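Hi,

Here is the structure we talked about handing over.

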Amino acid sequence: MSEEKHHIVPYRVYVIVLMALIVLTFASIAITEIELGAYTVAGALLFAGIKSYLVLTYFMHLKYDKKYIVAMVAFVFAIFVVVLVITFLDYLYR
Amino acid sequence: MEQNAHIEHDHYDAEASKIGMWLFIFTELLLFGGLFVVYSVYRYVNPDAFHLAAEELNTTIGAVNTILLLVSSMTIAMSTSTLQYKKKGATLALLAITTIIGIVFLVNKYFEWGVKFSHGIWPGSEHLLNDFSQGEILFFGLYFVMTGLHALHIIIGLVIILVAAYRIHKGTVNENRAALLENAGLYWHLVDLIWIFLFPLFYLLT
Amino acid sequence: MQNEHAANEANYLKYQGKYKGLFAWIFSTDHKRIGLLYLYSIMSMFFIGVLLGLAMKFELLAPGKTIMDAQTYNATFTVHGVIMIFMVVVPGLPAIFGNFLLPIMIGAKDVAFPKLNLLSWWLYMIGVFLVIAALLFGNGAPDTGWTFYAPYSFKTGTNLLPAIFGAFVLGFSSILTGLNFLVTIHRMRCPGLTWSKLPLFVWTLYGTAWIQLLATPVVGITLVLVALERFFGIGVFDPALGGDPILYQHLFWIYSHPAVYIMILPAMGAISEIIPTFSQKQIFGYKAIIASTMAIAFVGYLVWGHHMFTAGMSGTAQYYFSLLTFIVAIPSAIKVFNWISTMYKGAINVQTPLYWGASFIFVFMIGGLSGLVLGSLATDVHVHDTAFVVAHFHYIVFGGVGFAFFAAIHYWFPKIYGRMYQKSWANTGWLVFFIGFLALYSPMFYLGMAGMPRRYYDYLDEFHSGNILSTFGSWIMVTGLVIIVVNLVRSARKGKPAEMDPWHSKTLEWTVPSPPPLENFDDIPVIAEDDGPYNYK
C-alpha cells in the first residue's frame with residue numbers, strides 16, 4: 001500500500017502560506033484596534049477563519065488528500081457551528 | 001505475541017494511520033469546542049466585562065506567540081517534504097527548530113501567567129473574587145483553563161515530535177513509512193489551529 | 001491437541017501465544033479475546049448495577065425507611081446510574097459484539113489498530129477502578145445522580161472527583177474504540193464488500209462510532225470543568241461567580257443525549273441481523289435502515305435540550321428541541337416498520353434470539369411512544385422528574401439495549417463459544433425475564449402520571465400498591481436473569497458443539513468455524529457481485 005505515491009509539497013508553497021498567515025495576523029490585530037462595535041468580534045473571527053482555512057488546506061495537506069477526508073473535516077466544523085447556534089437559541093431569547 | 005507482530009508487519013497502511021489521526025483531531029476539536037461554547041455564551045452575557053478583562057492581557061506576547069507557532073507549523077510541514085526528498089539531516093534539523101520554538105512558546109506562557117499571578121490574579125484568588133466583576137472572573141477562569149489546556153497540548157505535541165525524531169534518527173520512520181511524522185505534523189497543526197482562535201478571542205477583543 | 005505447526009489453526013479460545021493463563025487474555029490484541037474481556041468485565045459491572053437496582057426497589061417496597069436512609073438511597077441511585085450508563089450500556093454492544101464481530105463481518109483479520117484496541121480495554125478497567133474507588137474510599141459515595149448536575153456537583157462533600165475522573169477515562173476508552181472501528185470500516189473491508197453490501201450491524205457500528213467520537217469529548221471537557229470548579233473555583237458553573245448552571249446541563253446533554261443513541265443504534269443493528277436470519281428472508285428496506293441509522297445519529301446529536309424543558313431555557317429553544325425530538329422519532333419508527341415487514345411472509349424459525357428480538361420491538365415501541373409524551377412541552381411539565389421518566393428510559397435503555405444484548409448473546413453464542421445453549425432453559429429464562437420486566441417498569445408509568453417523583457426514597461401511601469407490584473417484578477426479572485446466565489455459563493462449557501452456521505445465516509461470520517480461528521480467515525474472502533449479507537432464497 002505504500003506504493004501509493006505521496007505528493008511532495010514544494011518548500012515555496014509553505015513559505016508563501018506562512019507569509020500570508022503572518023500578514024493576516026497583523027491585519028487582525030489592526031482591525032480589532034479600530035472601533036467597530038459588535039463587528040469587531042465578527043472581524044476577528046473572519047481573519048481567524050481564513051487563517052485556519054490556510055492551515056488546514058496547505059499545512060495539513062487537505063488540498064492533496066482524498067475528498068472524503070475533506071468532507072469529514074467540513075462535517076465536523078459544520079456540526080460544531082450547528083451546536084453553537086442551537087445553544088444560542090436558548091441564550092439569545094432568554 | 002509473535003502472531004501479532006506478524007499481523008502488524010503485513011499491515012502498514014499509511015492512509016489508515018492518517019484517518020486515525022484525523023479522527024483523533026476531531027475529538028480534540030470538539031474538546032476545545034465545548035470550551036468555545038462556554039466562552040461564547042459568557043462573552044454574550046457579559047460583553048463589557050470581557051472587554052475590560054481582555055485589556056489586562058499583553059497583546060504583544062500573544063502576537064509573538066502566534067507568530068512563533070505559525071513559524072513552527074511551517075517548519076514541521078517542511079520536514080514532511082524533506083523526509084520525502086530523503087534528506088534525513090534537514091528533517092531532523094527542522095524538527096529541532098520546531099521543538100525549540102515550542103519550548104520558547106511555553107516559556108513565554110510561563111512568564112505571562114507569572115505576571116498575572118504576581119498581580120494576584122489566578123482562579124479563585126482573593127483579589128480576583130473580591131475586586132473584579134462576575135464577568136471578569138469568568139473571563140480569567142476561561143483564560144487560565146483554555147490557555148492551560150492548550151499548553152498541555154503543546155507539551156503532548158512536543159513529545160510526539162521527539163518520538164518521531166528519534167524514530168527518524170533510527171531509520172524506522174523513513175520516506176516509505178512516514179506516517180508517524182505526518183501524524184506528528186497533523187497534531188502540531190491542530191495545536192496551531194486552536195491558538196489561531198484563542199489569540200483573537202482573548203487578546204484582541206478589547 | 002495442537003502441536004507447533006497447527007498453532008495458527010487453533011481457535012481463538014485455545015491458541016497459545018507468548019503469555020500463559022490470564023495474561024494470554026489481558027495482553028492479547030486479538031479482537032475476539034478483547035471482545036470477551038469486555039463481555040466478562042461489563043457483565044460483572046452489570047451484576048453490581050442490578051444488585052443496586054434491587055436494593056432500590058426493595059427500599060420502595062413500603063413507604064418510609066425500609067432498608068436504607070435518604071443519603072444511602074441517593075448514593076445508590078447515583079452509583080447505579082453511573083455504572084449502568086458509563087460502564088454497561090454505552091460500551092455494551094459496540095465493545096463486546098462490535099469487537100468480536102466487526103472484523104469478521106467485513107472479512108478482515110483484526111481491527112485497524114489492535115494495540116489501541118487493547119489499550120481501550122485497559123482504559124475501561126482503569127475507569128472502573130476509579131469509580132469503585134470513589135465508592136469505597138473518602139467521604140462516602142457520590143450522591144449527585146449520574147448527571148453530576150452543577151452546582152451541587154462541586155458543593156457536595158461526597159467523594160466525587162474519582163468518579164468524575166473515572167467517567168472521563170471511560171469516555172476516552174469509548175472514543176478510542178469508536179476511532180478504531182471507523183478506520184477499520186473505512187480501510188479493511190474485504191474485496192467486493194462495498195458500502196451497500198455491509199451488514200446492518202456494521203452500519204450501526206459506523207454511526208455509533210461517529211457519535212462516540214464527536215459527542216464524548218464534550219462531556220469530557222465538561223467533567224474537567226466541574227473538577228476544576230471543585231479545585232479552584234473558576235466560576236464557569238457557579239452562579240455565585242456569574243456562571244450559569246444551565247450551561248452545564250447544555251454541555252452535559254450534548255454528550256449524554258447522543259449517548260442514548262450510542263446505546264440503541266448497535267442494539268438496532270443486532271436486531272436487524274437477527275430478524276432476517278430467523279425469517280430466512282431478505283431484510284425489508286436495507287437502504288432505508290441505513291438511512292434511518294445515519295439520520296438517528298445525526299439528528300440525535302441536535303436534540304439534547306429535551307432533557308431541560310423545565311430547567312429555565314428560553315421558549316424558542318424549547319420549541320426547537322421539541323420539534324426535533326418529534327422528528328428523531330421518525331427514523332426509529334421506520335426501522336420498526338422494516339423489521340415487521342421483514343418477518344411478514346418469511347419462513348419464521350422460532351428460536352430464543354427471535355423471542356428476544358420480537359420482545360425488543362415490543363418494549364422499544366412502548367419506550368419510544370412514551371418518549372413522545374416527554375418530548376412534547378406541555379405533557380413534559382407534568383411528568384418531568386417523576387417515575388414516568390424512569391419507566392420511559394428503562395423501557396428504552398434496558399428494554400432496548402438489554403433485550404438486544406440478550407438477543408445478540410444467544411444469536412452469536414454458538415460462534416463465540418463453539419457450543420449451543422440449552423434451548424428450553426433459554427426460552428424459560430426469556431419468558432420469566434420478560435414478565436418480570438413488564439411488572440417492574442409498567443407500574444412506574446402509572447405512578448409517574450399520578451405524581452410520584454423519582455429519586456425519592458419515600459413516597460405517599462397512595463403509591464403503595466404500584467410500588468409493591470414493581471418490586472415483585474424486580475424479583476421475577478432477576479430470577480429470569482439468573483436462569484439465563486446460569487444456562488449460558490453451563491452451555492459455554494458443556495453445550496453440544498455448534499456447527500459453522502447453525503441458523504443458516506448469510507453474513508460472513510457464519511462462514512468461519514465456530515469458534516473462529518486466530519486470524520479469522522485463512523484467505524481473505526472475496527464478495528461476488530450478486531452476493532449480499534441477506535440474500536436468502
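Which ring does the charged end of R33(C) sit over? The ring is that of W25(C), with the charge 4.5 Å from its centre. To count, NZ of Lys or CZ of Arg must be within 6 Å of the ring centre and within 35 degrees of the ring normal. R189(C) does this too, lying over the face of W195(C) at 4.3 Å from the ring centre.

Before you go on: this is a predicted model, where local features need pLDDT of at least 70 and side-chain atom pairs pLDDT 80 or more, while totals for chains, interfaces and linings use all residues. Residues are numbered from 1 along each chain as written, chains are lettered from A and ligands numbered from 1 in written order, and side-chain values use heavy atoms, without hydrogens and water.

Now the aromatics. Over all chains there are 82 aromatic pairs (Phe, Tyr or Trp rings, taking the six-membered ring of Trp, with centres within 6.5 Å; planes under 30 degrees apart are stacked, over 60 edge-to-face, the rest tilted). F75(A) and F298(C) make a tilted one, at 6.1 Å and 45 degrees. F75(A) is in helix α3 of chain A and F298(C) in helix α10 of chain C, so this pair joins two chains (helices are DSSP runs of H or I, at least four residues, numbered from the N terminus). F298(C) is partly exposed at 38% relative accessibility (buried is under 20%, exposed over 50%, partly exposed in between, with a 1.4 Å probe and protein chains only).

In chain B, the W113(B) and F144(B) rings are edge-to-face, with centres 4.9 Å apart and planes at 85 degrees.

Cheers
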